[in-house]
Amino acid sequence: MGCLRFKEESSVTDLVSKTQYRDRRLPTEAVVPLLDVDQIGISFGGLKAVQQFSLRLPRTALYGLIGPNGAGKTTVFNLLTGVYRPDCGRMRIGEQNLLGRKPHEITAAGIARTFQNIRLFPNLSVLDNVRLAGQIRNTHGLADTLLRTPRYRLQEDLLYHKGMELLSIFDLQNRARALANSLSYGHQRRLEIVRALATEPQVLLLDEPAAGLNPQEKRALAQSIQEIRARFQVAILLIEHDMSLVMDICERIVVLDHGVTICEGTPAMVQNDSAVIAAYLGSSPTDN
Amino acid sequence: MHFTLPGCLGPYYSRIVVDVGIAMILAVSLNIVNGMTGQFSIGHAGFMTVGGYAAGLLTFYGSHWLWGAAGKHGGFLGSGEWMYAASCVVGGLAAAGAGYIVGLPSLRLRGDYLAIVTLGFGEILRVVLQQTGKVLDDPAAIQSWNWSQVLPLPVGGAIGFDGIPKYTSVFWVYTFLTITVVVAYRLKYSGIGRAMISVREDEIAAQAMGVNTSRQKVLAFVMAAFFAGIAGGLFAHESGVIISPKDAGFQRSFDYVIMAVLGGRGSVSGVMLAAMILTSLPEMLRDFEQYRLIVYALLLILMMLVRPQGLFGIHEVWHYFPRWVASASRRKAP
């Protein structure tokens, strides 16, 4: 779909693209982005944590967000999900404005996330963790709940089956009744993703999903991230320190350093970018 | 139950049964906000007192207005009793209003800071109630009533609101207790309950999963206060009780906090059991009443060391039953 559109428009945009963007020729650029973030930034006191961050995430794209420690990657996630309120800029998903919205409204609008340090609800069961996320699409109120009306029963039934189905896709159905804190580390990471998917997002933000996993598990994760995208039709933005993982699966990569976007492009471009190399390895005196 | 129980047990034990019922309502309702939502409130007796005074005001002056005297009117399920039941519900609504106001700071405060706000609510209420006017108890004074007597409210000041008709019986207490328990239980095993527990477990994650945490917290406060207000209405109409400003103080609040903590965070049946034990135990050990608070404190310290999640944690009592009982009950519970 994206490719077709690109072919139609390529002749028109070709001239402009060559002068303005090195990478304008990628098909994803030509379609209307799903998540459109324009020049958002935030500072804490005098510290400019993120400055002029822009991102155009097309439907079902898989982008990576990398950068050295303290570059502001998680802060970007917190801005996108409304934990922090951006000082400036624009943020929209589809036609909906996201700027200044509360976290639960942003989740309802279709952005779900996982956390770098796992934040499951430890004393809820695995199934309840998933159901809690899924119930965002429920419409029954307090009276329905207390009276157990047919509407309540129907929606809770659907939620139960939806939760079990999601868990079985990720092979967690046998642990559905166990408490979330009784799961192994790898399973907890997986449950975080399941929980985020249960909100029926359009955009999935994964914050270091491979942290603490062994090489085998990482390979499995890389595969399942691609499967998630295909199966649930979500766009994914991935924060990850494991370069081979990011370079393997991401279509495009945004590199942050000290809150500033220093590079954006395909994995091959990012790998050869002098600013990126300098940020990760330090620059030699001759470069300056 | 209404007729047989007092006959079998005598007034002393039926009084304890009523006390246990009222304490259960308070502990179960407090558990909605403390145990499930994790917002540490130590002003629960304040809500109870709001409900008690509001209900007492209605039945006392209502009886005077309708029947010319504040005594009981009508028999079991007679007109007087229905007015009493309705006034308990109104007391609950008044307390729910107070719960909404106290719940608002919980949007910005958490932990110790919120506890201090709720503590302050109870203490402020206590002092305000001490400044109220004398009860108008003779018909002549009520006949010559005028608006200037509305403020301060004629509810007895520091000595308490005497003369409220004593309607409270085992039947009414356990009717309201049943409603409270059904509501608490249905709440716990529902989407709203999950949302409340998620706020307790991890507020940031709850927001990220689409839970409107502000709404859940205020809802928890309002629900808890509503049932505390009903319990207050029952308490104010209990024979042998004169509801007084000191009932709003922190000591009584603390009793209920202990019940909720001891029973387990979010366990409806566990909290009921704790309320039953902690209400009847002082009666059984009347001679040692002076040491009650010492025992409470020691009990709490011991609990925190040995079983910080409370007797039952988040589980219900029947989760600890032998397997064959559990499998029978699980079929019913979701």
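Reader: In β7(A), which residue is the bridge partner of A:Ile111?

Author: The partner of A:Ile111 is A:Val203 in β7(A). Please note that this is a predicted model.

Reader: In what sense do β6(A) and β7(A) pair, and over how many bridges?

Author: The two strands are parallel, with three bridges between them. β7(A) also pairs with β8(A) in the parallel sense, there over five bridges.

Reader: Which helix goes with β7(A) and β8(A) in a β-α-β unit, and of what hand?

Author: The helix is α9 of chain A, residues 215-232, and the unit is right-handed.

Reader: Is β7(A) buried or exposed?

Author: Five of the five residues of β7(A), residues 203-207, are buried, so the strand is largely enclosed by the rest of the structure. Both of its faces are covered. A:Val203, A:Leu205 and A:Asp207 lie on one side, with A:Leu204 and A:Leu206 on the other. In a regular strand, side chains alternate between the two faces of the sheet.

Reader: What is the strand order of the whole sheet?

Author: The open sheet of chain A has six strands, in the order β6-β7-β8-β3-β9-β10, with mixed pairing. β6 (111-113) and β10 (260-265) of chain A are the edge strands; each has a single partner, so one side of each lacks a neighbour in the sheet. From one strand to the next, the twist averages 20°.

Reader: How do β3 and β8 of chain A pair?

Author: β3 (residues 62-66) and β8 (residues 235-239) of chain A run parallel and share four bridges. Within this pair, A:Leu62 has A:Ile236 as its bridge partner.

Reader: And what joins β9(A) to β10(A)?

Author: Five bridges do, and these strands run antiparallel. A:Val255 is partnered by A:Cys263 in β10(A). The two strands form a hairpin with two residues between them, and A:His258 in the turn has a positive phi of about 50°.

Reader: Turning to helices, how many residues of α3 in chain A are buried?

Author: Eight of the eight, residues 73-80, so this helix is largely enclosed by the rest of the structure. Among them are A:Phe77 and A:Asn78. Just after α3(A), A:Gly82 adopts a positive phi of about 85°.

Reader: Lastly, how many residues of chain B are in contact with chain A?

Author: There are 21 from chain B, in contact with 26 of chain A. On the chain B side, α6 (170-188), α7 (191-201) and α8 (203-208) each give two or more residues. α7(B) gives the most, with seven. By class, that side has 11 nonpolar, six polar and four charged residues.

Conventions:
Residues numbered from 1 in each chain as written. Chains lettered and ligands numbered in written order. Predicted model: local features only at pLDDT ≥ 70, side-chain atom pairs only at ≥ 80, totals over all residues. Buried ≥ 20, exposed ≤ 12 C-beta atoms within 10 Å, placed from the backbone. Pairing = 2+ DSSP bridges. Axes fitted to C-alpha atoms, helices over the stretch in contact; angles between N-to-C directions. Contact = placed C-beta atoms within 7 Å. Nonpolar A, V, L, I, M, F, W, Y, C, P; charged D, E, K, R; others polar. Right-handed = clockwise from strand over helix to strand, strands pointing away.
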